[in-house]
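I opened the model and kept notes as I went. The entries follow in the order I looked things up.

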Amino acid sequence: MLEFRKEIFADERDDNLNEIGQPTQRQDMLGHVTGRTRFFDDHAFEGLLHLKVVRSPHHHARIRGIDTSAAERIAGVRRIIRAADVPHNLNTLLSLIGFGRDDEPALAEDTVRYVGEPIVAIVADSEATAYEAVNAVRVDYEVLPHVLDVEEALAPGAPQVNPAYPGNAFEYHDLYNHQKLRFGDVEKGFAQADYVLDERYQMSPIEHAPTETNGSIAAPETNDRFVVHTSTQALFFSLGTSAKLLDLPSNRLHFIGGTVGGGFGGKVDTLTEPLSILGAMLTGAPVRYVLNREEEMQAGPPRGAERWYVKDGVMNDGRIVARQLRGYFDAGAYTRLSSYAVHKCTAHIPGPYTIPNVSSDVFCVFTHRTPATAMRGFGVTGVDFALECQMDKLARAIGMDAIEFRILNAYRDGDMKAHRREAKNCALIECCQVAAEKANWPIRDEFKQMSSMTGGGGERAIMPVNAPARYDAPQPAAAQPPLQPAVAPSAPPPQPAPAAQPAPPPAQPAPPPQPAQTDQKRTYRFSSVVGTRRR
């Protein structure tokens with residue numbers, strides 16, 4: 001039996017594990033297999049009412065009028081809720097941690113921006129009655145131009161999607177319309193490369209398809225509080241978001257969750273809780289709001305689409321000498337978590353490989369699609385797919401084995417990452433060796449003998465002087481010239497950086513041949529960048 005090569009981590013942790021590799025029974029296992037586990041929809045309340053919503057049939061339209069008179073006359077309809085009934089009808093999920101502008105209403109007020117956006121909520125005695133009332137509501141729309149492609153959304157003259165971000169791109173620090181990474185001089189790297197590969201990769205939105213759809217039940221309690229049984233994956237985010245939208249102190253909300261009938265990231269957003277609580281507040285009765293399967297597929301948030309342009313320069317001996325990326329995350333109509341995904345993917349570039357020249361520009365783009373959210377490996381999965389496809393193509397192009405190619409370029413302890421952090425506790429080489437051995441994949445002896453603990457540092461640890469660049473004042477995406485895929489423009493003549501730069505600039509060039517000094521480094525402190533292993 002193959003042993004995992006634990007010795008490379010022997011100096012940092014105790015490997016006498018109590019759980020991994022042991023037949024430990026999950027504490028919730030018996031409840032699940034016997035059917036005794038109580039999910040949110042298993043809680044019974046006397047006098048339970050049901051909430052359903054009127055949704056937009058258009059990608060983009062102005063709401064000229066809403067007629068609910070026919071719905072109001074239907075027996076069993078208890079309350080009709082409009083945007084004006086929501087105390088604070090604008091939010092963005094990450095505003096709870098001070099990141100981004102409020103941009104998404106709980107109920108659309110004057111404009112809808114994606115198919116399925118909620119407009120009016122109906123609270124009724126039964127689901128059937130609620131659906132009947134939903135079908136009786138008449139909305140007068142003025143259909144507007146829409147945009148569904150990320151690059152078209154950034155082009156001059158594109159329809160504006162999200163009024164909080166006029167250029168259709170999320171603005172970081174209220175200044176910059178994308179995340180930028182610069183390390184070395186990619187144009188110089190491409191000039192010296194024996195082979196240059198320039199490719200485009202496209203990932204589509206993906207529906208999580210949980211067995212249990214998004215939903216919640218809210219009920220008034222006798223102490224002027226509301227209890228909320230919910231399927232959320234982010235209990236405190238949902239509590240904070242609901243308190244903000246409803247202008248309530250958070251101590252008036254008692255959220256109960258923990259059992260999720262399939263989530264995978266699709267239940268991180270707060271989709272149902274604010275309206276179920278508001279329904280309970282306005283009626284004085286418990287209210288259940290659950291998405292049906294059609295709503296889950298159309299209005300439930302998917303993994304967002306991504307587009308990547310990857311250009312690599314490689315030598316005939318297999319060394320990658322330059323990597324340039326341009327990426328677009330399709331956030332849909334509102335921000336939610338997509339802006340964070342761009343941070344994460346930028347922290348992952350250029351993958352687990354030592355490359356002396358790296359350049360990337362990654363945009364969080366608004367389109368008239370369903371707002372996107374997290375899904376397994378959020379922020380890394382898409383760019384990893386693009387990079388590993390690219391690695392296979394590069395290996396074939398120079399006639400090298402794909403695993404040996406990865407081993408050759410993999411991080412080694414002591415290497416300098418493109419984020420100006422020293423690589424530590426690396427193990428990609430060992431993972432490749434074990435995978436090859438298990439799959440009976442033949443690799444040459446010299447690659448079997450390589451180690452992540454040797455061969456790093458030295459010249460590979462030098463922090464390069466960045467290519468000269470002009471740092472112009474950032475402009476909204478709509479005001480920029482059309483974006484060109486794959487190839488960044490040649491660097492203009494050097495000019496001094498502005499005296500006051502609000503965002504962290506790249507390392508300042510030092511006089512050659514000395515590398516830039518450590519105290520000049522600046523970086524966002526993400527766990528995958530700071531060079532420390534999370535325990």
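I began with a crossover: β14, α9 and β15 form a right-handed β-α-β unit. Right-handed here means that, with the strands pointing away from the viewer, the path from the first strand over the helix to the second runs clockwise. Helices (H or I, at least four residues) and strands (E, at least two) are DSSP runs, numbered from the N terminus. I noted that this is a predicted model, where local features need pLDDT of at least 70, side-chain atom pairs count only at pLDDT 80 or more, and totals for chains, interfaces and linings use all residues. Residues are numbered from 1 along each chain as its sequence is written, and side-chain values use heavy atoms, with hydrogens and water left out.

**Entry: the five-stranded sheet**

I traced the strand order as β7-β15-β14-β13-β8, an open sheet of five strands with mixed pairing. Two strands pair if DSSP finds at least two bridges between them. β7 (179-183) and β8 (195-203) are the edges; each has a single partner strand, so one side of each lacks a neighbour in the sheet. Neighbouring strands are turned by 5 degrees against each other on average, direction ignored. For angles, axes are lines fitted to C-alpha atoms, for helices over the stretch in contact, and angles run from 0 to 180 degrees between N-to-C directions.

I then went through the pairs. β14 and β15 are parallel, with nine bridges. In that pairing Phe329 stands opposite Cys364 of β15. β13 and β14 are antiparallel, also joined by nine bridges. There Val310 has Leu325 in β14 as its bridge partner. The β13-β14 hairpin has five residues between the strands, and Gly318 takes a positive phi near 105 degrees in it. β7 and β15 (residues 358-366) run antiparallel and share five bridges. Leu181 sits opposite Ser360 in β15.

Which helices pack on this sheet? Helix α9 (residues 338-348) does, touching β7, β13 (306-314), β14 (320-332) and β15. Its direction makes about 170 degrees with that of β15. Contact means heavy atoms within 4.5 Å. Helix α10 (residues 381-397) lies across β8, β13 and β14, at about 145 degrees to β8.

**Entry: burial and cysteines**

How many residues of β14 are buried? I found 13 of the 13, so β14 is largely enclosed by the rest of the structure. Buried means under 20% relative accessible area, exposed over 50%, and partly exposed in between (1.4 Å probe, protein chains only). Cys364 is buried too, with a relative accessible area of 0%.

I looked for disulfides (a pair of cysteine sulfur atoms within 2.5 Å). The count is zero. Cys431 is in no disulfide; its nearest cysteine sulfur belongs to Cys432, 7.0 Å away.

**Entry: the seven-stranded sheet**

Next I followed an open sheet of seven strands, ordered β3-β5-β1-β12-β9-β10-β11, again with mixed pairing. β3 (77-81) and β11 are its edge strands, each pairing on one side only. The twist averages 20 degrees from one strand to the next. β9 (residues 215-220) and β10 (residues 226-230) are antiparallel over five bridges. Ser216 stands opposite Thr230 in β10. Helix α6 (residues 235-246) lies across β10 and β11, running at about 150 degrees to β11.

**Entry: two loop residues**

Where is Thr270? I placed Thr270 in the loop between β11 (253-256) and α7 (273-283). Is Thr270 buried or exposed? At 16% relative accessibility, Thr270 counts as buried. Leaving out residues up to four places away in sequence, Thr270 touches Leu93, Phe237, Ser238, Thr241 and Ser242. The side chains of Thr270 and Ser238 make a polar contact of 3.3 Å. A polar contact is a pair of N or O atoms within 3.5 Å; within protein, one must be able to donate a hydrogen and the other to accept it, and residues adjacent in sequence count only if both atoms are side-chain atoms.

Ala44 is in the loop between α1 (29-34) and β1 (49-55). At 72% relative accessibility, Ala44 counts as exposed. Ala44 and Ile217 are 173 residues apart in sequence, yet 9.4 Å apart in space, C-alpha to C-alpha.

**Entry: whole chain**

The chain has 13 helices and 15 strands. Of its 535 residues, 51% are buried.
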